[in-house]
Amino acid sequence: MKSRSLKKHFIFVFFIVPLLFSFKANAQKAEPIKSDQGEVVTMHSNILNEDRKILIYTPKDSANSERKYPVIYILDADNHFAQMVEYSKYLSRQDVNVIPPLIVVGITNTDRYRDLTPSHSNADYSGKPDTTANSRYKNSGGNEHFFQFIQKELMPYVNSNYKTQPYRIFAGHSLGALTTINCLINYPEMFEAYIAVSPSFWWDHKFLLKLADGKLKAGSTLSKTLFFSDGNEDSSSPESPFHTAVLEFDSLLKKRNIKGLDFEYKPYPSESHMTVPIKSYYDGLRFIYKQWQLPPVSDEEVNAEIIMRHYSGLSQKFGYLILPDEVYFNDWAQWLVRNPATLNNGIKLLEMNTINYPLSSRAFAALGAAYAMKREKQKAIASYKKANELNPTSNEIKLRLLELQK
């Protein structure tokens, strides 16, 4: 078996998974409806004066039912929720482990041009006004109320009903990306990180670019993370106004040198407006969590101090306590203890697990087995006794303890 150096190679595969939801409208309260891909919650918004359908996926951790998770809120959930769920599942898998598991909250649309625009305008992409009675822009400019709905109604519901960590990501595409950047500029406290895929800066004669120019002051502080991108939108034009506007925003951020703002702009010239989210959401997650993975370390060099130092740094960066994953490091330790040359390193990792997860019978049982392999009988007995106290119904733990006590 190859060395567990933690250096992973990710092969990009996107699975299109059917998203099958059923939901029951309820104007008085939110009711989660179970499905294979998560839950559908229909909640009434007093702020928007309508029912809203919310899609929610929560990770499953049989080893730690009380585990809490960061949350990513994604707009245009009708199109992008399933994709984000699959990214969350795959990238947080034990054998990939480059991001933490995420709760995914998808916000579906009712009136997209109302909710996802920062100003009222009847001008289309070319700047021509549409004043017809059926204009899709007639209700535009509702970002303010939409943010209030998210902050005052949706977030409290999610935090009350799901096990959330205080780290939130806001992700959107096109007008949704325009909304995420507007939120970053005007309500930065709502989220810690933002992913904006092909933001429609063309809206209302570059309204948001002008706003950013006025609000993002040189040398100011904005301790947030931002990933934004675009594709080959309007590529038939020698100087695409869509692409040029995104470049203007990138240039603005670079010139202002805003303290604490960790940002990256990435163009995808071979992707269309509708395919660019596939790559952008993946790269956006990797950018936000670029420090998540433990730097490469060999079996012979690994120890608890290296690991705890890394996770202490992650805790400081993300603003909540992040512990080394019990199952991941237990599996690595099981590999280490099989080799006499790395047996002690494996034991150190298992000892670390018992400190980090003092209520885990599995952690103490694994440590007891490792002590037994090293012929440290009394330590093995003590560990198995603790495992038995934590899980008195386990016949396997009782059997191992009896064998050691003979």
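These legends describe close-up views of a predicted model.

**View 1. The largest nonpolar core of the predicted model.** This core holds 67 residues. Ile 195, Leu 285, Tyr 289, Phe 318 and Trp 332 are the members that touch the most other members. At least three residues of the core come from domain 1 (39–123 + 137–289), and at least three from domain 2 (304–404).

**View 2. Thr 225 and its contacts.** Thr 225 lies in strand E8, which spans residues 225–230. Its relative accessibility is 6%, under the 20% cut-off, so Thr 225 counts as buried. Neighbours within four places in sequence are set aside here. Beyond those, Thr 225 is in contact with Tyr 167, Glu 192, Ala 193, Tyr 194, Asp 262, Phe 287, Ile 288 and Lys 317.

**View 3. The crossing of helices H1 and H7.** Helix H1 covers residues 77–91 and helix H7 covers residues 276–288. Their axes come within 11 Å and cross at roughly 40°. H1 and H7 are therefore oblique to each other, and their crossing is right-handed.

**View 4. Residues where H1 meets H7.** On the H1 side are His 80, Gln 83, Met 84, Tyr 87 and Leu 91. These meet Pro 277, Ile 278, Tyr 281, Tyr 282, Leu 285 and Arg 286 of H7. Leu 285 is also one of the residues named in the largest nonpolar core.

Note on methods. Residues are numbered from 1 along each chain as its sequence is written. This is a predicted model: local features need pLDDT of at least 70, side-chain atom pairs count only at pLDDT 80 or more; totals for chains, interfaces and linings use all residues. Side-chain values use heavy atoms; hydrogens and water are left out. A nonpolar core is a set of buried Ala, Val, Leu, Ile, Met, Phe, Trp, Tyr and Cys residues joined through side-chain atoms within 4.5 Å. Buried means under 20% relative accessible area, exposed over 50%, partly exposed in between (1.4 Å probe, protein chains only). Domain bounds come from an automatic or database domain assignment. Helices (H or I, at least four residues) and strands (E, at least two) are DSSP runs, numbered from the N terminus. Contact means heavy atoms within 4.5 Å. Axes are lines fitted to C-alpha atoms, for helices over the stretch in contact, and angles run from 0 to 180 degrees between N-to-C directions. Angles under 35 degrees count as roughly parallel, over 145 as roughly antiparallel, 65 to 115 as roughly perpendicular and the rest as oblique. A crossing is left-handed if the near helix is turned anticlockwise from the far one by less than a right angle, and right-handed if clockwise.
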